[in-house]
Amino acid sequence: MELTDLHLLSASEAARLIRDGMTSSEELVEACLARVREVDPQVQAWTFLDEDYALTQARALDELRLSGRAIGPLHGVPIGVKDIFDTADMPTECGSVLYAGRTPSRDATAVSRLRAAGAVIMGKTVTTEFAYFSPGKTRNPHSPGHTPGGSSSGSAAAVAANMVPLALGSQTNGSTIRPAAYCGVIGFKPTHGLISRHGALALSRTLDHVGAFANSVEDIALLAEQIVGYDENDPDTRPRARPPFVDVAAEEPPLAPMFVFIKTPHWESADEDTREGFAEIIGALGNQVEEVELFPSAGDAWQWHQSIMSAEMAYNLEREWRTGGALLSEQLRSQIERGREVRATDYLSALARIKLVNDSFIELFEQRYDAILTPAAPGAAPKGLDSTGDPSFCTLWTLCGMPALTLPLLQSRAGMPLGVQLVGPRYGDARLLRTARWLAAQVTAEKQE
């Protein structure tokens with residue numbers, strides 16, 4: 001591969017080539033920076049990127065490898081980090097003027113684990129204001145007049161435009177899955193509590209997840225394996241064996257997976273392209289997919305999610321609302337004010353219902369199914385930059401803390417990406433990646449016939 005094409009390498013390929021001395025981290029990072037210079041003036045995925053510092057990191061990692069010392073699985077590979085994760089050597093501004101120039105003293109846990117794995121922290125990617133709905137400057141790489149989604153807009157766009165092979169994001173409603181679907185990359189939201197959120201912007205302890213972006217399931221597995229694990233600073237993580245994401249994702253399933261197609265009450269908002277695309281996939285899967293109605297216990301889940309999210313956001317952003325409310329967007333200010341009005345009984349009732357819904361999903365998966373099949377969004381990325389799109393096809397799975405992944409398997413009539421979302425049982429993350437890889441291979445083979 002020519003040096004000018006190194007930015008097209010997957011993270012897994014790049015890590016292997018660097019490890020084997022076939023290329024260097026400096027060459028890879030320089031190729032990625034050249035790509036940034038070429039396309040980012042239009043895409044605008046980055047809020048902070050210091051080219052000299054990115055190359056300094058790469059050179060230090062190259063020296064480490066040449067010294068013969070042990071190197072990590074992501075050694076020399078550049079990664080974008082959503083600008084809600086603390087970085088001790090870069091600003092973390094959370095998309096808000098209230099945090100302009102803020103530089104933390106320590107890395108977020110996920111960032112420190114990436115550094116330990118050898119990654120080059122390329123820079124900080126654009127987030128919507130405080131990871132909510134008010135858009136940032138990022139454009140969709142497939143069409144700059146369309147939204148890239150949110151709130152992890154910069155991370156999704158940077159990977160889609162091949163500026164970096166990997167990026168870190170987050171999800172409290174649909175902030176990883178939706179932008180990944182709109183930008184045509186793979187987005188992964190793990191089981192709640194599997195990856196520490198310590199050092200990341202806190203919106204909702206109940207709903208916040210760390211997310212990941214890549215162009216292959218193999219790369220998602222490689223990234224996830226480095227950052228999962230217990231952290232005493234995140235009370236929702238638990239001491240447990242680290243899932244072997246890379247090995248499991250690469251396996252062939254012992255049996256052909258079974259899928260369950262669930263439309264959810266929001267199916268009516270799915271556009272014609274989405275309906276036709278899912279009809280094709282379901283037809284191709286034949287007897288390996290069955291449609292099931294969403295059970296009644298989950299029917300009000302969207303209202304529960306809103307109660308929990310708004311109340312917990314109001315609590316976590318109390319200081320910002322009191323001291324800088326006039327500088328907040330109308331969308332965020334209204335959300336915080338709604339949260340301040342949520343009754344304690346409604347909030348506690350919504351929390352209590354999560355377990356009931358999860359129990360129903362446990363029974364569903366135990367019947368015979370490997371993954372739930374559902375849209376990632378109502379359709380392709382909407383035109384216009386004043387909205388980040390509709391997260392309603394992600395809400396239920398975020399509320400339940402179930403692992404979810406979107407694959408760029410479909411296209412709209414206009415040629416824009418359409419995401420196919422797969423959802424697995426809690427703590428079945430690695431097997432969900434295996435199922436996703438199988439489905440992607442089947443759809444690709446079907447298209448080639």
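Tutor: Let us start with a definition: a polar contact is a pair of N or O atoms within 3.5 Å; within protein, one atom must be able to donate a hydrogen and the other to accept it, and residues adjacent in sequence count only if both atoms are side-chain atoms. Here the side chains of Ser 175 and Ser 151 are joined by a polar contact of 3.0 Å. This is a predicted model, in which local features need pLDDT of at least 70 and side-chain atom pairs count only at pLDDT 80 or more, while totals for chains, interfaces and linings use all residues. Residues are numbered from 1 along each chain as its sequence is written, and side-chain values use heavy atoms, with hydrogens and water left out.

Student: Where is Ser 175 found, and is Ser 175 buried or exposed?

Tutor: Helices (H or I, at least four residues) and strands (E, at least two) are DSSP runs, numbered from the N terminus. Ser 175 is found in the loop between strand S4 (166–171) and H6. As for accessibility, buried means under 20% relative accessible area, exposed over 50%, and partly exposed in between (1.4 Å probe, protein chains only). Ser 175 has a relative accessible area of 8% and is therefore buried. With contact meaning heavy atoms within 4.5 Å, and leaving aside residues up to four places away in sequence, Ser 175 touches Lys 82, Ala 131, Gly 150, Ser 151, Ser 152, Ser 170 and Phe 213.

Student: Which residues other than glycine have a positive phi?

Tutor: Cys 94 has a phi near 55°, and Tyr 427 has a phi near 70°. Cys 94 is placed in the loop between strand S2 (78–82) and helix H4 (109–116), and counts as buried because its relative accessibility is 2%. Tyr 427 is found in the loop between strand S11 (417–423) and helix H15 (429–448); at 33% relative accessibility, Tyr 427 counts as partly exposed.

Student: What is the nearest side chain of opposite charge to the buried Arg 178?

Tutor: Two conventions are needed. Lys and Arg count as positive and Asp and Glu as negative, whereas His and the chain ends are not counted. A salt bridge is a side-chain nitrogen of Lys or Arg within 4 Å of a carboxyl oxygen of Asp or Glu. Arg 178, in helix H6 (residues 177–183), has no salt bridge; the nearest side chain of opposite charge is Asp 390, 6.9 Å away. A polar atom of the Arg 178 side chain does lie 2.8 Å from the backbone oxygen of Thr 388. Beyond four places in sequence, the residues that Arg 178 touches include Gly 150, Ser 151 and Asp 390.

Student: How many salt bridges does a search of the whole structure find?

Tutor: The search finds 26. In one of them, the side chains of Lys 263 and Glu 291 meet at 3.6 Å, N to O. Lys 263 lies in the loop between strand S7 (259–261) and helix H9 (272–285) and Glu 291 in strand S8 (residues 289–291), so this pair ties together parts that are 28 residues apart in sequence. Another salt bridge joins the side chains of Asp 359 and Lys 355 (2.9 Å, N to O). Asp 359 and Lys 355 are separated by about one helical turn, because they are four residues apart in helix H13 (residues 344–367).

Student: What describes a pair of aromatic rings?

Tutor: Such a pair is described by the distance of the centres and the angle of the planes. Rings of Phe, Tyr and Trp (its six-membered ring) pair if their centres lie within 6.5 Å; planes under 30 degrees apart count as stacked, over 60 as edge-to-face and the rest as tilted. By this rule the count is nine aromatic pairs. Phe 261 and Phe 278 form a stacked pair, at 6.0 Å centre to centre and 25° between the planes. This pair links distant parts of the chain, with Phe 261 in strand S7 and Phe 278 in helix H9, 17 residues apart.
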